[in-house]
Amino acid sequence: MIRAIAIDDEPPALAVIEAFCAQTDFITLEKTFTKPAEAQKHLSKFPVDLLFLDIQMPSLSGIDFYKGMKQDTMVIFTTAFTEYAVEGFNLNAIDYLLKPFTYERFLQATMKANEYYNYRNNAGSSVQQQYLFVRADYRLVKITIADILYIEGLDDYIKIFIQDQKTVVARMTMKSILEKLPAKEFVRVHRSFIVSLRRIDNVRNKVVYTADKEIPIGGIYEDDFFRQFKR
């Protein structure tokens, strides 16, 4: 069960979240606040898993509120202003609800939170190894690991090529994405490429052939690649 609180300077907005949480069986809304300072005091004593957080509040913006938090808490931002979406997702928000929102849209956002909560709390288990989460296009994207063909690095961005799906472009480093992947299933073969060992068609003349793509094997990665490939 996800424990949550909601913060919004408008009581009618809190009433909507309260009603929607009551319809959602995996969330317990423990408390609501119209004053951010009171919410901060509460969280210092009673941490929660998820915040429903309005962005535009007179005393303290939701962005600044979340930046000042010490706990690793999931957040779903709520606001009437679309221009805050980019900054919200730069803060690793689970989702962004544009007021007024329907229960269907609310449920979509909270289901993302539930999946991420289960993913995070099953670290190291087989559940975690089935899929991963990355942030792309201002949303949290769930990717099935077995469907990944290969990954290409482009400066501060990566492109994840997926079987029968649209390529996902995310702002991550090659090092950080490799740390999220099962070490026995993925290997870096070049400064700009990570490949799925199960998806390799063949290897010839220091070139990996996978999913109609020819990927060169870099010199510093060669020994490690062939060691894993032979296994």
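## Strand β3 and its neighbours

In this predicted model, residue I7 stands opposite L53 of strand β3. The two strands concerned are β1 (residues 2-7) and β3, which run parallel and are joined by four bridges. Strand β3 is also joined to strand β4 (residues 74-79), again in parallel fashion, through five bridges; here L50 has M74 of β4 as its bridge partner. Together with helix α3 (residues 62-67), strands β3 and β4 make a right-handed β-α-β unit.

Strand β3 spans residues 50-54, and five of its five residues are buried. In a regular strand, side chains alternate between the two faces of the sheet. In β3, residues L50, F52 and D54 lie on one side and L51 and L53 on the other, and both faces are covered.

## An open antiparallel sheet

Five strands form an open sheet with antiparallel pairing, in the order β10-β9-β8-β12-β11. Strands β10 (168-170) and β11 (186-190) stand at the edges; each has a single partner strand, so one side of each is left without a neighbour in the sheet. From one strand to the next, the twist averages 20°.

Within this sheet, β8 and strand β12 (residues 193-196) run antiparallel and are joined by three bridges. Residue I151 has I194 as its bridge partner in β12. Strand β8 covers residues 148-154 and includes L154, which is partly exposed at a relative accessible area of 38%. With Y157 and V169, L154 makes a nonpolar surface patch of about 250 Å².

## Salt bridges

Side chains of opposite charge can pair when their charged atoms come close. The whole structure holds 10 salt bridges. One of them joins K112 and D95, with an N to O distance of 3.2 Å. This pair links distant parts of the chain, 17 residues apart: K112 belongs to helix α5 (residues 103-121) and D95 to strand β5 (residues 95-98). K112 counts as buried because its relative accessibility is 17%, and D95 likewise counts as buried, at 3%.

K142 lies in strand β7 (residues 139-144), so the pair ties together parts that are 27 residues apart in sequence. Both partners are partly exposed, K142 with a relative accessible area of 38% and E115 with 31%.

A further salt bridge is formed by the side chains of K206 and E222 (3.4 Å, N to O). K206 lies in the loop between β13 (202-204) and β14 (207-210), while E222 is in helix α8 (residues 222-230). Finally, D8, D54 and K99 are linked in a network of salt bridges; D54 is among the buried residues of β3.

Terms used. Residues are numbered from 1 along each chain as its sequence is written. This is a predicted model: local features need pLDDT of at least 70, side-chain atom pairs count only at pLDDT 80 or more; totals for chains, interfaces and linings use all residues. Side-chain values use heavy atoms; hydrogens and water are left out. Patches are made of residues with over 30% relative accessible area and no salt bridge: like charges are joined within 9 Å, nonpolar side chains (Val, Leu, Ile, Met, Phe, Trp, Tyr) within 5 Å. Accessible areas come from the Shrake-Rupley method with a 1.4 Å probe; for residues, only the protein chains shown count as cover. A salt bridge is a side-chain nitrogen of Lys or Arg within 4 Å of a carboxyl oxygen of Asp or Glu. Buried means under 20% relative accessible area, exposed over 50%, partly exposed in between (1.4 Å probe, protein chains only). Two strands pair if DSSP finds at least two bridges between them. Axes are lines fitted to C-alpha atoms, for helices over the stretch in contact, and angles run from 0 to 180 degrees between N-to-C directions. A crossover is right-handed if, with the strands pointing away from the viewer, the path from the first strand over the helix to the second runs clockwise.
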